[in-house]
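Take a moment with the sequence and the model below.

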Amino acid sequence: MPTREQQVRDAAVRVFTERGVHGLTHRAVDAAAGLAQGSTSNLFRTRRALVTVVAEEVARLRLQDGPEPGSPLSIAWLELLLIGRRDDAIAAAIEPTRTRMRALLDEARPSGQPLTTPELAALLTGLEFAQTVTGVHLDAVALLEGLAVSG
């Protein structure tokens, strides 16, 4: 059985993926977790602490499950990337996962690839964003192979 903290973490991610950052409140998480009011704020006192724990959990799940453009988790990740541009605590919460993702990408990158790992990571994030926003499937492998041929 999950601990109370894990229940709150799971519920916070659900609330965030369903309602976004503005819908993420201590009360909403308490309700989603089926816990008494005040349970979430006992664990994560401030709104920033709550958003930070969501960032940590979304980052962990993303690394565990991989990206799926258009999924609630993908949308949450993209939202966190944007929030992290203005909030150092969120940027710090997702940075270890971003670093690990770049390392995995670096390991998988073909030796003849003309793009650096950071450039490739940016391209893949952009593709995920485009697919999520437009709903149009983009074949990242075909695009990368095209870059390798044209480079």
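In which helix does glutamate 57 lie? Glutamate 57 sits in helix H4. Keep in mind that this is a predicted model.

Is glutamate 57 buried or exposed? Its relative accessible area is 5%. The cut-off for buried is under 20%, so glutamate 57 counts as buried. What does glutamate 57 touch, once its neighbours within four places in sequence are set aside? Its contacts are Gln6, Arg9, Asp10 and Val13.

Now turn to the nonpolar core. The largest one holds 31 residues. Four of its members touch the most others: Phe16, Leu24, Val29 and Val58. H1 (4–23), H2 (26–33), H4 (47–65), H5 (72–84) and H6 (88–108) each give at least two residues. H4 provides the largest share, with eight residues.

Leave out residues up to four places away in sequence, and phenylalanine 16 touches Val21, Leu24, Val54, Ala76, Glu79, Leu80 and Ile83.

Next come two helix pairs. Start with H1 and H2. Their axes come within 8 Å and cross at roughly 130 degrees. Angles of 65 to 115 degrees count as roughly perpendicular and those over 145 as roughly antiparallel. H1 and H2 are therefore oblique to each other. The crossing of H1 past H2 is right-handed. On the H1 side, the contact is made by Gln7, Val8, Ala11, Ala12, Arg14, Val15, Arg19 and Gly23. H2 contributes Ala28, Val29, Ala32 and Ala33. By type, the residues of this contact between H1 and H2 are eight nonpolar, two polar and two charged.

The second pair is H4 and H5. How do these two helices pack? They meet at an angle of about 130 degrees, and their axes are 10 Å apart. H4 and H5 are therefore oblique to each other. Their crossing is left-handed. From H4, the contact uses Val54, Ala55, Val58, Ala59, Leu61 and Arg62. From H5 come Leu73, Ser74, Ala76, Trp77 and Leu80. The residues of the contact of H4 with H5 divide into nine nonpolar, one polar and one charged.

Some names return across these views.

Note on methods
Residues numbered from 1 in each chain as written. Predicted model: local features only at pLDDT ≥ 70, side-chain atom pairs only at ≥ 80, totals over all residues. Heavy atoms only, no water. Core = buried A, V, L, I, M, F, W, Y, C linked by side-chain atoms within 4.5 Å. Buried < 20%, exposed > 50% of the residue type's maximum accessible area, 1.4 Å probe, protein only. Helix = DSSP H or I, 4+ residues; strand = E, 2+ residues; numbered from the N terminus. Contact = heavy atoms within 4.5 Å. Axes fitted to C-alpha atoms, helices over the stretch in contact; angles between N-to-C directions. Parallel < 35°, antiparallel > 145°, perpendicular 65-115°, else oblique. Left-handed = near helix turned anticlockwise from the far one by under 90°. Nonpolar A, V, L, I, M, F, W, Y, C, P; charged D, E, K, R; others polar.
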